[in-house]
Amino acid sequence: MASRFKDLDVSVEDFISEQENESTKKKTLQNVAVLQQFLTSKNEERKLEEIPPEELNEYLSEFIITVRTKDKQEEYEPSSLRGFIASFERYLKKKNYGHSIIKDLQFEKTRKALSSKQKDLKRKGKGNKPNASVAISEDDIQTDSLDKKPWFKQSPVGVNKLNSIMKVMSEKAELNKPRLKNHSGRKTMMQTLVNEEIPPTDIIQLSGHRNLQSVNNYATVSEKQQMKMSRTLSAFTTGIVSKKDAPREESSCGSSSEKNKMLVSQQRTEHTVTSSTCGQRQALQIFAGATISGGNIHVSINTLNKSPILPTSPKPKYQRYKRLLSSDSESD
């Protein structure tokens, strides 16, 4: 009878290692190597997993504050420093270190040093991801020559070709945008779907994301949305409101008959207009589109956020009456 269980071809540790992301493993080893160089400069010959938590906490705190890039000797981005800590955490966990840099109290100083360093870098202008890929705009896409060349080839495209394809396309199109990378295509897709208000639950089925929060990271303001917001703010400051916004404004501030009291006399040329408080924006629209000729006009606008003082009617006077009760007893 055949056995239900297959013999192991590799160890459990090797099987787990094979399933890990190659980029993550490579990044972890690179970051650990940088830390080992720092420890060597401090005359520390022990491996990372051999250093006690109290001593390692001191080393990591100083490392986070002093580390610089290899080529330009510049400070890292805040997210890169956080990536260092994550790499050390993965490495030590794999080595069964028994302590967590992210959670344990022994490494509180390291976490505070990371937080303080990130704040310092942001004050210096870091953290804006200057090298991050950007989405492809509509102006960058032209479909005039799409039908002149075949889109597919019989042989598969090599990995080197795929890695540089967006850069080559950008250079040939003379876009002069170094931040157009392979990830720009994915970013363009995500931003387009988000801007069209496609539900995030539908987007992740196409993009392959596991977390809905990842979709929100692609939500950036497009040029059209910026222009729309600019026009909205300009209309607010100049008092010009589109027809689309007019009904909403009337419902929020009330009708003109309720808010404005206009006393017009046919026998006099002087008109007195008293406007209630609904902000300077509505005050500028009192005579929008009107044609006035002749006479003197005096406008009094109440710009204070206070209700006008209305005359109060005198309180009615009440009189007291005594009620006499008759009694059968003469003594009363």
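1. Buried residues (under 20% relative accessible area, with exposed meaning over 50% and partly exposed in between, for a 1.4 Å probe and protein chains only) make up 20% of the 332 residues in the chain. This is a predicted model, in which local features need pLDDT of at least 70 and side-chain atom pairs count only at pLDDT 80 or more, while totals for chains, interfaces and linings use all residues. Residues are numbered from 1 along each chain as its sequence is written, and side-chain values use heavy atoms, with hydrogens and water left out.

2. The chain has 13 helices and three strands; these are DSSP runs numbered from the N terminus, helices being H or I with at least four residues and strands E with at least two. Contact here means heavy atoms within 4.5 Å. Among contacts between residues at least 6 apart in sequence, 60% join residues at least 24 apart.

3. Helix H3 covers residues 53–66, 14 residues in total, and spans 20 Å from its first C-alpha to its last. That is close to the 20 Å expected at 1.5 Å a residue, the expected span being 1.5 Å times one less than the number of residues. Its buried residues are Pro53, Leu56, Asn57, Tyr59, Leu60, Ser61, Phe63 and Ile64. They pack against helix H2 (22–41), helix H4 (78–94) and helix H5 (108–123).

4. The largest nonpolar core holds 24 residues; such a core is a set of buried Ala, Val, Leu, Ile, Met, Phe, Trp, Tyr and Cys residues joined through side-chain atoms within 4.5 Å. Leu35, Leu48, Leu56, Phe63, Leu81 and Phe88 touch the most other members. H2, H3, H4 and H5 each supply at least two residues of this core, and the largest share, six residues, comes from H4. Leaving aside residues up to four places away in sequence, Phe63 touches Val34, Leu35, Phe38, Phe84 and Phe88. Another core, of five residues, lies apart from the largest one and includes Ile203, Ile204, Val215 and Tyr218.

5. His209 sits in the loop between helix H8 (200–207) and helix H9 (213–216). His209 counts as buried because its relative accessibility is 16%. Its side chain makes polar contacts with the side chains of Ser207 (2.7 Å) and Arg186 (3.3 Å). A polar contact is a pair of N or O atoms within 3.5 Å; within protein, one must be able to donate a hydrogen and the other to accept it, and residues adjacent in sequence count only if both atoms are side-chain atoms. Beyond four places in sequence, His209 touches Arg186, Met190, Ile204, Ser214 and Tyr218.
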